[in-house]
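Colleague: I have a model open and want to learn how to read it. Can we go feature by feature, with the general idea before the case?

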Amino acid sequence: MKGYPAWFVRALLGALLLLFVSGCLMAPTTLLMRFEMELAWRLPGAGRVVTAAMHATGGFVVLMMLGALWSVHMRAGWRKRRQRGSGATLGIMLVLLAASAVAIYYAGDDALGSGAALVHLAMGAALLPTFGWHWVHARRASRKAAIPDSVRAPAGTVVVRAEAN
Ligand code: HEM
Ligand code: HEM
């Protein structure tokens, strides 16, 4: 990722993974408390507090990183008209996750709070596949961009690649 230190992508991946795993761990309690859906397993009370604290911390870190992505990565990609669809979807999803998190904190247990929790959970579950879609496109695009190098490579190399595919 141009314009960022090498650790940035790894840190972003780690923070997103922490968010996703902790969110999934909290989901059974949310389904029970807000929608009376009993699953076979859920986090015990103390475990949920620790998990929620880790989740909120991961959320703050990801939003800080979204700010860093906005100032360079997103604007550069947007200007070059590359990966606009998946990139903008990811950005909008993260903003909606943050907005619904505020409602989870302050709207209480009535319809608004439960609606926000549902939106948050659905959006959270969809975040990883959307991120994967964006990532796979990025890899494909950088492979395509590398083609001029392989054209310059010895003729034999190109023939072997074409046969392997
Ligand atoms: C930028 C992304 C995200 C932010 C800022 C964020 C933030 C938050 C915050 C602050 C809470 C309240 C924690 C508490 O109960 O004390 C929360 C709850 C929750 N989050 Fe997230 N989260 C994000 C992404 C996700 C993802 C990816 C999932 C996925 C599976 C998820 C699932 C949940 C669940 C199940 C709850 C509990 C809802 C409830 O209290 O009923 N979140 N989130
Ligand atoms: C308007 C929004 C966005 C646009 C136009 C965009 C555009 C791009 C483009 C063109 C690439 C491939 C070239 C490169 O690595 O720079 C890419 C890769 C990537 N993007 Fe985005 N992006 C957007 C939003 C986001 C967001 C919100 C995230 C994170 C949550 C993200 C994470 C990544 C990652 C991890 C890669 C792969 C980098 C690598 O291969 O090392 N992008 N994006």
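Colleague: Which residues are the closest to ligand 2?

Modeller: Start with the cut-off: a residue is near a molecule if its C-beta atom, placed from the backbone, lies within 6 Å of it. Here 20 residues surround ligand 2, and the closest are Met74, Gly77, Arg82, Gly87 and Ala138. This is a predicted model, where local features need pLDDT of at least 70, side-chain atom pairs count only at pLDDT 80 or more, and totals for chains, interfaces and linings use all residues. Residues are numbered from 1 along each chain as its sequence is written, while chains are lettered from A and ligands numbered from 1 in the order in which they are written.

Colleague: What is the shell around ligand 2 by class?

Modeller: Classes first. Ala, Val, Leu, Ile, Met, Phe, Trp, Tyr, Cys and Pro count as nonpolar; Asp, Glu, Lys and Arg as charged; the others, Gly among them, as polar. The shell around ligand 2 has 11 nonpolar, six polar and three charged residues.

Colleague: Which helices supply the shell around ligand 2?

Modeller: Helices are DSSP runs of H or I with at least four residues, strands are runs of E with at least two, and both are numbered from the N terminus. H1, H2, H3 and H4 each supply at least two residues of the ligand 2 shell.

Colleague: And which residues come nearest to ligand 1?

Modeller: Gly23, Thr30, Gly59, Ala101 and Gly124, out of 26 residues around ligand 1. By class, that shell has 19 nonpolar, six polar and one charged residues. H1, H2, H3 (84-106) and H4 each supply at least two residues of the ligand 1 shell. H1 gives the most, with eight residues.

Colleague: How many helices and strands are in the chain?

Modeller: Six helices and zero strands. Along the sequence the pattern reads α-α-α-α-α-α.

Colleague: What share of the chain counts as buried?

Modeller: Count neighbours. A residue is buried if 20 or more other C-beta atoms lie within 10 Å of its own, exposed if 12 or fewer, and partly exposed in between, with C-beta atoms placed from the backbone. By that count, 11% of the 165 residues are buried.

Colleague: How do I read contacts along the chain?

Modeller: Two residues are in contact if their C-beta atoms, placed from the backbone, lie within 7 Å. Among contacts between residues at least 6 apart in sequence, 60% join residues at least 24 apart.

Colleague: How do I check the length of a helix, and where does H1 bend?

Modeller: For length, the expected span is 1.5 Å times one less than the number of residues. H1 (residues 7-35) has 29 residues and reaches 40 Å between its first and last C-alpha, close to the expected 42 Å. For a bend, take the angle between axes fitted to the seven residues ending at a residue and the seven starting there. H1 bends by about 35° at Met26, and the proline Pro28 follows within four residues. Met26 is buried in H1, as are Leu19, Ser22 and Gly23. The buried residues of H1 pack against H2 (45-79) and H4 (111-145). Just after H1, Glu36 takes a positive phi of about 55°.

Colleague: Why does the span of H4 agree with its 35 residues?

Modeller: At 1.5 Å a residue, H4 should span 51 Å, and its end C-alpha atoms are 50 Å apart, so the two agree. H4 has a kink of about 35° at Leu127, shortly before the proline Pro129. Leu127 is also among the buried residues of H4, together with Ala116, Ala117, His120, Leu121 and Gly124. The buried residues of H4 pack against H1 and H3.

Colleague: Where is Arg81 found?

Modeller: In the loop between H2 and H3. Arg81 has a positive phi of about 60° although it is not a glycine. Gln83 is found in the loop between H2 and H3, with a positive phi of about 50° although it is not a glycine.

Colleague: Why is Arg81 classed as exposed, and why is Gln83 classed as partly exposed?

Modeller: Arg81 is exposed because it has 7 other C-beta atoms within 10 Å. Gln83 has 18 within 10 Å, so it is partly exposed.
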